[in-house]
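Please keep the sequence and the structure in view while reading.

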Amino acid sequence: MAEDSIAVVDLDRCSPDRCNYECANYCPPNRTGKECITTRGDAAKEGRIAGDPDQVRISEEICLGETCGICVVKCPFDAIEIINLPQELDEEPVHRYGENAFSLYGLPAPQGGQVTGILGPNGIGKTTAVRILAEEITPNLGDYDAEPSWEAAIDRFRGTELQNYLEAMRDSDIAVARKPQYVDKIPDRFDGNTHQLLDSTDERGVVDDLVDRLDIGPVVDQPIDTLSGGELQRVALAATLARDADFYFLDEITPYLDIGQRVAAARLIRELAEEGDRSMLVVEHDLAVLDLLADSLHVAYGEPGAFGVITPPKSTRQGINEYLAGYLEAQNMRIRPEAIEFERHAPRAARKGEVLVEYPDLEMSYGEGEFTLEVEAGAIHENEVLGVVGPNGIGKSTFAKLLTGRLEPTEGELDARLDISYKPQYVEIDQPMRVDAFLASITDDFGSSYWETEVAGPLQLERIMEQNLTDLSGGERQRVAIAACLSEDADLYLLDEPSAHLDVEQRVLATRAIRRYTENHDATALVIDHDIYMIDLLADRLMVFDGEPAIRGETSPPVGMREGMNRFLGNLDVTFRRDQRTSRPRINKPGSQLDREQKRAGEYYYAPERDDEQE
């Protein structure tokens with residue numbers, strides 16, 4: 001194989017007991033007597049390589065490369081990838097997990113007193129990079145048969161910004177604190193209340209201040225396993241920032257947080273970096289928050305599960321814009337066949353469809369002294385996407401449950417008589433069945449060209465169809481849940497926070513899938529989400545919830561996008577503008593000239609046309 005190609009075998013998909021080794025039987029080098037595709041045999045039995053003895057291995061020295069690709073086509077389980085690496089990639093991997101396994105090229109460079117961001121798809125090696133920087137993995141520089149050495153890694157990065165960091169880490173002079181990606185797993189690992197968890201990490205004596213800044217005082221005495229996703233996210237962030245560390249790794253700070261909480265968390269992280277000369281490395285998919293948060297940005301690209309490349313640092317704005325464009329200027333590298341685009345127009349006017357459902361004044365109270373939601377009478381139109389926004393704990397999910405009949409209002413009567421397909425906020429999948437069997441049980445259209453085009457394709461489900469539901473990652477679980485929701489025959493599709501744990505491309509694809517489905521099927525959708533990008537691209541009208549979180553919530557009838565977003569963002573005292581190059585939403589820096597101008601004009605939802613560089 002050419003030096004710029006790799007062969008990858010997905011051992012989770014390779015199923016020799018269910019095939020006839022078509023990959024080996026049709027391999028041209030094998031047919032000439034060479035041993036290109038063989039079984040793992042004794043090497044797997046003895047633990048020298050991963051996998052089972054009957055699974056295949058591919059000799060990259062003999063393989064003809066992507067120009068052949070017969071094994072890729074013949075494998076019935078899509079377990080093989082033959083990939084031509086970018087020609088511009090003229091270095092050896094920083095780390096490779098083994099023969100025919102994932103390779104990582106490049107590492108991010110932590111900077112004292114700064115926040116460094118990483119932006120890229122899921123499964124591209126961001127977590128591997130952080131595990132190396134946290135000394136959890138010793139990089140093998142691509143030689144997976146040799147004993148890895150930190151000295152060799154330091155020599156590899158000698159003369160770069162990483163040299164000093166790696167030397168300090170080798171000498172145990174670096175303390176690392178990490179916030180996990182999936183905060184919903186925390187109750188499985190900690191048995192106690194919030195205060196006990198925070199006290200166990202308070203190495204700097206700052207927990208009380210963090211509790212106040214992140215507004216988690218009401219839950220400090222509650223058991224961890226009773227907290228909501230948003231509460232767990234803020235508790236996890238507080239527990240991480242309370243540690244006395246030189247390097248903080250924060251893996252996705254925004255899932256389950258509302259926009260106000262996201263901005264507050266971003267400001268807190270920036271302050272800690274600047275005041276303590278600490279290095280912050282943040283992996284984040286909310287571009288508006290990443291733009292506000294990071295001083296510099298590494299773009300990660302490649303083939304998920306096969307190889308990943310982390311670029312040298314760029315300015316945050318440049319990095320985000322190049323990532324969206326799919327073209328890295330300094331590297332002269334196209335990383336995506338087409339750009340991710342944001343429509344540059346005034347907010348869509350509500351479509352004049354017939355009324356799907358009218359709902360009366362409603363009240364839902366959870367008891368004396370408990371949360372109460374008041375809903376002013378309104379209507380949902382046919383063939384529209386209705387966005388729902390508001391802080392956490394303000395009643396958005398309660399309203400959704402009222403519509404679905406999962407809750408009965410304490411005042412008023414809702415007699416909608418609608419067939420509603422509902423994706424809840426927290427996707428809990430514990431069924432021991434495969435993805436394809438699960439989705440086939442929901443719709444007779446499963447597997448049809450229509451279903452593949454409208455649902456499975458946009459949600460990138462092909463490669464996970466044969467996996468068990470219980471083995472899925474958070475992002476994979478989310479995509480399956482969205483597909484399940486859209487696959488049902490319903491009058492109203494109700495999706496609660498569909499953006500959680502999806503990367504940027506997956507969010508755009510999910511948005512397109514929801515939007516396209518509603519347009520092609522004259523369907524109506526109600527989408528609750530905190531991602532301004534998703535709401536901006538998706539919604540026709542907006543339903544704004546306000547009040548006092550966890551105490552009372554209220555909402556008036558749906559309104560147009562501009563009126564609704566100005567009301568919503570005005571409540572949060574946050575203004576947005578559009579990037580002049582990509583039209584993507586960007587948060588204005590608090591107190592900046594543009595922020596002040598928009599607030600005076602009452603225009604929180606995008607500034608008047610002006611040069612973005614003036615910000």
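Strand E12, residues 307–310, is covered on both faces. Phe307 and Val309 lie on one side, Gly308 and Ile310 lie on the other, and all four are buried. Here "buried" means under 20% relative accessible area, "exposed" means over 50%, and "partly exposed" lies in between, with a 1.4 Å probe and protein chains only. Strands (E, at least two residues) and helices (H or I, at least four residues) are DSSP runs numbered from the N terminus.

The model is a predicted one, in which local features need pLDDT of at least 70 and side-chain atom pairs count only at pLDDT 80 or more, while totals for chains, interfaces and linings use all residues. Residues are numbered from 1 along each chain as its sequence is written, and side-chain values use heavy atoms, with hydrogens and water left out.

Which strands pair with E12? Two strands are said to pair if DSSP finds at least two bridges between them. Strand E6 (residues 103–105) pairs with E12 in the parallel sense over three bridges, and Leu104 stands opposite Gly308. Strand E11 (residues 296–303) runs antiparallel to E12 and is joined to it by four bridges; there, Gly302 stands opposite Gly308. The hairpin of E11 and E12 has three residues between its strands, and Gly305 takes a positive phi near 80° in it.

## Strand E9, an enclosed strand

Strand E9 covers residues 247–251, and five of its five residues are buried, so it is largely enclosed by the rest of the structure. Phe247, Phe249 and Asp251 point one way from E9, whereas Tyr248 and Leu250 point the other way.

Strand E8 (residues 176–179) runs parallel to E9, with four bridges joining the two. Val176 is the residue opposite Phe247. Strand E10 (residues 279–283) also runs parallel to E9, joined by five bridges, and Val283 in E10 is the bridge partner of Asp251.

## Helix H21

Helix H21 consists of the twelve residues 561–572. The expected span of a helix is 1.5 Å times one less than its number of residues. For H21 this gives 16 Å, and the end C-alpha atoms are 16 Å apart, which agrees. Just after H21, Asp573 takes a positive phi of about 60°.

Which residues of H21 are buried? They are Met561, Gly564, Met565, Asn566, Phe568 and Leu569. An α-helix has 3.6 residues a turn, so residues three or four places apart point the same way. The buried residues of H21 pack against several elements, including helix H12 (259–276), helix H20 (532–538) and strand E24 (541–548).

Two packed helices are described by the angle between their axes and the distance between the axes. Axes are lines fitted to C-alpha atoms, for helices over the stretch in contact, and angles run from 0 to 180 degrees between N-to-C directions. Angles under 35 degrees count as roughly parallel, over 145 as roughly antiparallel, 65 to 115 as roughly perpendicular and the rest as oblique. Contact means heavy atoms within 4.5 Å. Ala, Val, Leu, Ile, Met, Phe, Trp, Tyr, Cys and Pro count as nonpolar, Asp, Glu, Lys and Arg as charged, and the others, Gly among them, as polar.

The axes of helix H18 (residues 474–487) and helix H19 (residues 504–520) come within 11 Å and cross at roughly 0°, which means that H18 is roughly parallel to H19. Arg479, Ile482 and Leu486 of H18 make the contact with Gln506, Ala510, Ala513, Ile514 and Tyr517 of H19. These contact residues divide into six nonpolar, one polar and one charged. Helix H17 (residues 449–456) packs with H19 at an angle of about 130°, the axes being 9 Å apart, and is therefore oblique to H19. Here Tyr450, Thr453, Glu454 and Val455 of H17 meet Ala513, Arg516, Tyr517 and Asn520 of H19. The residues of this contact comprise four nonpolar, two polar and two charged.

## Two loop residues

Asn100 has a positive phi near 55° and is not a glycine. Asn100 lies in the loop between strand E5 (95–96) and E6. Is Asn100 buried or exposed? At 2% relative accessibility, Asn100 counts as buried.

Ser172, in the loop between helix H7 (162–170) and E8, likewise has a positive phi, near 60°. Ser172 counts as exposed, at 60% relative accessibility.
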